[in-house]
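Hi,

Here is the structure I promised to pass along. Have a look at it first, and then read on for what turned up.

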Protein chains: 2
Amino acid sequence: MTTNQTMGKIILDRWEASVKQCDTLVNSLSDEQLQREIAPGKNRGIYLLGHLIAVHDHMLPLLDLGAANYAELDEAFIKSPDKAVSELPSVAELKAMWNEQKEDLKQKFDKLNTDDWFGRHTSVSEEDFAKEPHRNKLNIILTRTTHLAYHTGQLVYLK
Amino acid sequence: MTTNQTMGKIILDRWEASVKQCDTLVNSLSDEQLQREIAPGKNRGIYLLGHLIAVHDHMLPLLDLGAANYAELDEAFIKSPDKAVSELPSVAELKAMWNEQKEDLKQKFDKLNTDDWFGRHTSVSEEDFAKEPHRNKLNIILTRTTHLAYHTGQLVYLK
């Protein structure tokens with residue numbers, strides 16, 4: 001295993017472990033639990049679930065893996081805070097999207113090789129990437145992994 | 001910059017950003033806020049702060065950077081759940097430890113070079129490390145970064 005393969009493995013393993021932890025949690029919470037506020041006056045579970053799907057969806061164009069699939073979620077779950085938008089998908093619909101997205105991302109990620117992961121993400125130009133090689137696709141995975149961990153720590157309080 | 005330097009930078013940058021985010025939060029919360037439960041019946045802020053200090057402290061021997069400094073925190077903040085131990089340090093004492101530890105870790109991390117970071121951590125033998133080179137010091141930083149993000153997501157609800 002080359003050092004690059006090792007480093008790709010470290011970051012992708014951490015992403016997968018973080019997805020698995022959140023996935024087990026989300027699928028163990030009832031629709032009623034996910035409708036609750038995590039703490040009085042704070043975000044509801046449904047909002048965080050929609051937020052995670054929307055944020056992960058945007059990885060696709062960033063990683064050059066195609067267009068976002070759930071752009072309709074942006075308004076309610078990225079651009080707006082919780083409770084600002086009254087018409088939301090149901091918890092059941094969001095859970096179905098989460099489970100579908102989980103498989104889709106895994107399949108697409110599995111097709112990338114180590115060189116792909118060390119290549120630039122699409123929001124950095126070739127010129128800038130030559131100067132800032134840390135702005136690679138693995139870095140996208142890493143920042144989304146800590147983002148996911150942050151919100152999983154919140155969702156766990158719904159149990 | 002070599003690829004190894006790039007990868008070291010990506011992970012260490014993410015650690016530092018995560019510490020900074022938590023540090024700003026912890027130092028913005030009053031002692032009274034940190035005494036509160038994050039959600040009804042859940043962990044108190046003081047417990048999570050002590051837990052983070054204790055977990056980060058154990059990185060020192062794992063990274064071959066010396067002995068743990070706050071081993072007295074283990075009983076209350078790692079081995080026991082919140083509220084099981086009645087005699088805890090004060091919030092002010094824990095905040096002082098957090099701030100001291102933050103500087104100490106930064107100084108020690110800054111002295112390691114890229115080869116050090118790609119070397120094995122102390123809980124893996126040389127023999128196993130030859131077969132599993134991903135069990136390096138950077139991997140310790142990465143797992144502690146997602147752990148920190150998870151609990152920062154909880155602490156933020158004290159605001």
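How much area is buried between chain B and chain A, and what percentage of it do carbon and sulfur atoms give? The buried area comes to about 3000 Å², and carbon and sulfur atoms give 72% of that. Before you go further, please keep in mind that this is a predicted model.

On confidence: the predictor assigns the complex an ipTM of 0.97 and a pTM of 0.97. For chain A, the mean pLDDT is 97, with 100% of its residues at 70 or more.

Now back to the interface. Chain B puts 34 residues into the contact, and chain A also puts in 34 residues. On the chain B side, the residues that lose the most area to chain A are B:Ile10, B:Tyr150 and B:Tyr157. Together they make up 23% of what that side buries.

What the interface of chain B and chain A does have is six residue pairs in polar contact, with both residues at pLDDT 80 or more. As for where the chain B side comes from, α1 (3-28) and α9 (137-155) of chain B each supply at least two of the residues that touch chain A. The largest share is from α9(B), with eleven residues. Sorted by class, the side of chain B that touches chain A has 15 nonpolar, 15 polar and four charged residues.

Last item, salt bridges in general. Over all chains, the structure holds 22 of these. One example is A:Asp104 with A:Lys108, where the closest N and O atoms are 3.2 Å apart. Why are A:Asp104 and A:Lys108 separated by about one helical turn? Because the two sit four residues apart in helix α6 (residues 91-111) of chain A.

Cheers

Definitions and conventions. Residues numbered from 1 in each chain as written. Chains lettered and ligands numbered in written order. Predicted model: local features only at pLDDT ≥ 70, side-chain atom pairs only at ≥ 80, totals over all residues. Heavy atoms only, no water. Contact = heavy atoms within 4.5 Å. Buried area = accessible area lost by both parts, 1.4 Å probe. Polar contact = N/O pair within 3.5 Å; in protein donor to acceptor, adjacent residues only side chain to side chain. Nonpolar A, V, L, I, M, F, W, Y, C, P; charged D, E, K, R; others polar. pLDDT = per-residue confidence, 0-100. Salt bridge = Lys/Arg side-chain N within 4 Å of Asp/Glu carboxyl O.
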